[in-house]
Amino acid sequence: MSYPLWAQLASLKKSRWVDLTHTFNAQSPHFSAFEGAQVKTPFTVQKDGFFVQEWSFVTQYGTHIDAPIHFVENQRYLHELELQELVLPLIVLDFSQEVAQNSDFILTREHLIEWESQHGTIEADTFVAFRSDWSKRWPDHDAFENKDLNGQQHLPGWSLEAIQFLVEERHIAAIGHETFDTDASIDIAKNGDIVGERYILGQDRYQIELLNNLDQLPSRGAIIYNISPKPDNAPGFPVRSFAIVPDIDSP
């Protein structure tokens, strides 16, 4: 008997699979207001016959998913996201060279329009990832935070106008990036708030933060999977994100 889904899976396994998730531990970079993870080992095979660990960390730790409720009241919790929302066509916007030249780089609406002139219109119902190559600084905490002598962080990010363009004119489903926050650090300091993150979550979209290995993906054609546990009424959780890349990369 033939099982079509099994045949599709066998075909997919012949494609390239890319892990988009950082391995995290107690020393991993994390948002400065949070404590690092704590790991205990109450049982070991040698002493107890089985191995168990006890992990303690905030929900927004390591590569993680932000549910809409994370920044906006009366929005959906993580467990309320539909399974089909967590598997999406993936578009990767490569602005790594711009970030290499300017760590305060802000991805604007104009950058998106220029990108589309070269790569084509961004399709609806896609996951749009901002490649900055900031993930290459992991797990160096100081390099990741990139603070100046006054303690101000300098990390790239999305502009509010760029996210509004993606949501309101291109009708995308979700976004992702390699940094702690949606917004650039200098924008957060200037606005006194994370306006881009508050906007995207307020539009009932989710996002993935601290993505990894975006440099291994084509600009479009891959599929992203964002798999997490299902805690009750949680604003997010560490996620295992990965992409399946087609045999022939799109330009």
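**Touring the chain**

Colleague: Among contacts between residues at least 6 apart in sequence, what share joins residues at least 24 apart?
Modeller: Keep in mind that this is a predicted model. Take the contacts in the chain between residues at least 6 apart in sequence, then pick out the ones joining residues at least 24 apart. Their share is 75%.

Colleague: How many helices and strands does the chain have?
Modeller: Both kinds of element turn up here, so to speak, in one chain. The count is 8 helices and 13 strands.

Colleague: What radius of gyration does the chain have, and what would a compact globule have?
Modeller: The chain has 251 residues, and a compact globule with that number would come out near 18 Å. The value for the chain agrees with that: 19 Å.

Colleague: What part of the chain counts as buried?
Modeller: Buried means under 20% relative accessible area. Of the 251 residues, the part that counts as buried is 45%.

Colleague: Let's zoom in on T63. Is T63 buried or exposed?
Modeller: T63 is found in a loop, the one between β3 (52-56) and β4 (64-66). The cut-off for buried is under 20%. T63 has a relative accessibility of 1%, so T63 counts as buried.

Colleague: Which residue has its backbone oxygen 2.6 Å from a polar atom of the T63 side chain?
Modeller: Leaving out residues up to four places away in sequence, T63 touches several others, including L20, H22, I208, L211 and V239. The backbone oxygen at 2.6 Å from a polar atom of its side chain belongs to L210.

Colleague: On to helix α8. Which elements do its buried residues pack against?
Modeller: Helix α8 covers residues 195-202, and its buried residues are G196, E197, Y199, I200 and L201. A helix has 3.6 residues a turn, so residues three or four places apart point the same way. The buried residues of α8 pack against β4, α6 (160-169), β9 (174-177) and β10 (206-209).

Colleague: How far apart in space are L201 and A174?
Modeller: L201 sits in helix α8 and, at 0% relative accessibility, counts as buried. Among the residues L201 touches are D66, F71, V72 and Y206. L201 and A174 are 27 residues apart in sequence, and C-alpha to C-alpha the distance in space is 9.2 Å.

Colleague: Which residue just after α8 takes a positive phi?
Modeller: Go just past the end of α8 and look at the backbone there. The phi is about 65°, and the residue is D204.

Key:
Residues are numbered from 1 along each chain as its sequence is written. This is a predicted model: local features need pLDDT of at least 70, side-chain atom pairs count only at pLDDT 80 or more; totals for chains, interfaces and linings use all residues. Side-chain values use heavy atoms; hydrogens and water are left out. Helices (H or I, at least four residues) and strands (E, at least two) are DSSP runs, numbered from the N terminus. The radius of gyration is taken over C-alpha atoms; the globule rule is 2.2 Å times the number of residues to the power 0.38. Buried means under 20% relative accessible area, exposed over 50%, partly exposed in between (1.4 Å probe, protein chains only). Contact means heavy atoms within 4.5 Å. A polar contact is a pair of N or O atoms within 3.5 Å; within protein, one must be able to donate a hydrogen and the other to accept it, and residues adjacent in sequence count only if both atoms are side-chain atoms.
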